[in-house]
Amino acid sequence: MGFIGFSFFCVYFLSLTIVLSTLNFFSVHPSAGYHDKPSLSAWPSHIVPLGQHMELQCDSPSDYYTFTLYKELGNPIPPIQGSPYQKKFVFGPVTTEHAGTYRCYGLNYHYAIKISANSDPVKIIISGIYKKPFLLALPTPLVNLGEKVTLECRSEIMFDTFILTSHKTGTIKGSFKLSAEHCHGGSQANFSIGPVTSDDAGTYTCYGSFNHSPYEWSESSDPIDIKITGKSMSPLGRREERNTLIFQLKIFYKRHGT
Ligand SMILES: *[C@@H]1O[C@H](CO)[C@@H](O)[C@H](O)[C@H]1NC(C)=O
């Protein structure tokens, strides 16, 4: 009796598999190339404070993909909330186990067979491991166009490296790394910026880290707002401004012209 039940289940399962594979055969787009590379992004940022949540999202122009995520080096990926095959991967509260280089690739829905190239890597940094360093703008955070400013990052902890990040409208625009110099029972680095352009205006913070764990950073320093002052404008800037004006006038005449 038990045997009959078992073989009935097997036949049922087998036919279900055949139906699924037939469906699958027809649903795979013939032009789906293995070189179709998905993009991986981290939200709200690739620098995640210890204990917070992060989201990694894999996207591809071919929207029938489901994805899997993997880590290149170090510890394996800690448990993911929800299914391991999806688009969005939510992690948290994060620990140092989450630090590392991630990539994703597209999968066939039914068989979990890899059908895309690997995405470019995203480095996830966990911050807040050590006490925050101190950031200072020398001589002042108000900088005249074309002049230089030094951002000094220092700590009483003997860090190996300091990282300066620049932010504009809440997102990280750039990051710069320098080896720390050890002095006065602490460590420091001077980031020299300039001659500045209006592009250098924004919020800056710095972090300290050690070479043995480059993906684990200190807490972020208090931010400094760099403001660019002065009226002088480069010839390029003038030309851009004039072109914008001409463009706006064209739009105006298109809308209001007779
Ligand atoms: C950074 O600049 C400050 C001020 O000019 C100076 O006192 C300090 O020695 C510099 N530190 C390094 C590591 O260059």
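Student: Which label, buried or exposed, does M54 get?

Tutor: Start by counting neighbours: a residue is buried if 20 or more other C-beta atoms lie within 10 Å of its own. In this predicted model, M54 counts as buried because it has 21 C-beta neighbours inside 10 Å.

Student: Where does M54 sit, and what is it in contact with?

Tutor: M54 belongs to strand β3. Setting aside its neighbours within four places in sequence, M54 is in contact with A42, V48, F91, G92, V94 and I124. Another residue to look at is W43: M54 and W43 are 11 residues apart in sequence, and their C-alpha atoms are 5.9 Å apart in space.

Student: What is the strand order of the sheet that holds β3?

Tutor: Two strands pair if at least two bridges are found between them. Here, an open sheet of 3 strands runs in the order β1-β3-β5, with antiparallel pairing. Its edge strands are β1 (39–43) and β5 (88–91), each pairing on one side only. From one strand to the next, the twist averages 15 degrees.

Student: How many bridges join β3 to β5?

Tutor: There are 4 bridges between β3 (residues 54–59) and β5, and these strands run antiparallel. For one example, find L56: its bridge partner in β5 is F89.

Student: Now the ligand, please. Which residues surround it?

Tutor: Around the ligand you will find L138, T150, E152, E181, Q188, A189 and N190. The largest share, 3 residues, comes from β14.

Terms used. Residues are numbered from 1 along each chain as its sequence is written. This is a predicted model: local features need pLDDT of at least 70, side-chain atom pairs count only at pLDDT 80 or more; totals for chains, interfaces and linings use all residues. A residue is near a molecule or strand if its C-beta atom, placed from the backbone, lies within 6 Å of it. Helices (H or I, at least four residues) and strands (E, at least two) are DSSP runs, numbered from the N terminus. Axes are lines fitted to C-alpha atoms, for helices over the stretch in contact, and angles run from 0 to 180 degrees between N-to-C directions. A residue is buried if 20 or more other C-beta atoms lie within 10 Å of its own, exposed if 12 or fewer, and partly exposed in between; C-beta atoms are placed from the backbone. Two residues are in contact if their C-beta atoms, placed from the backbone, lie within 7 Å.
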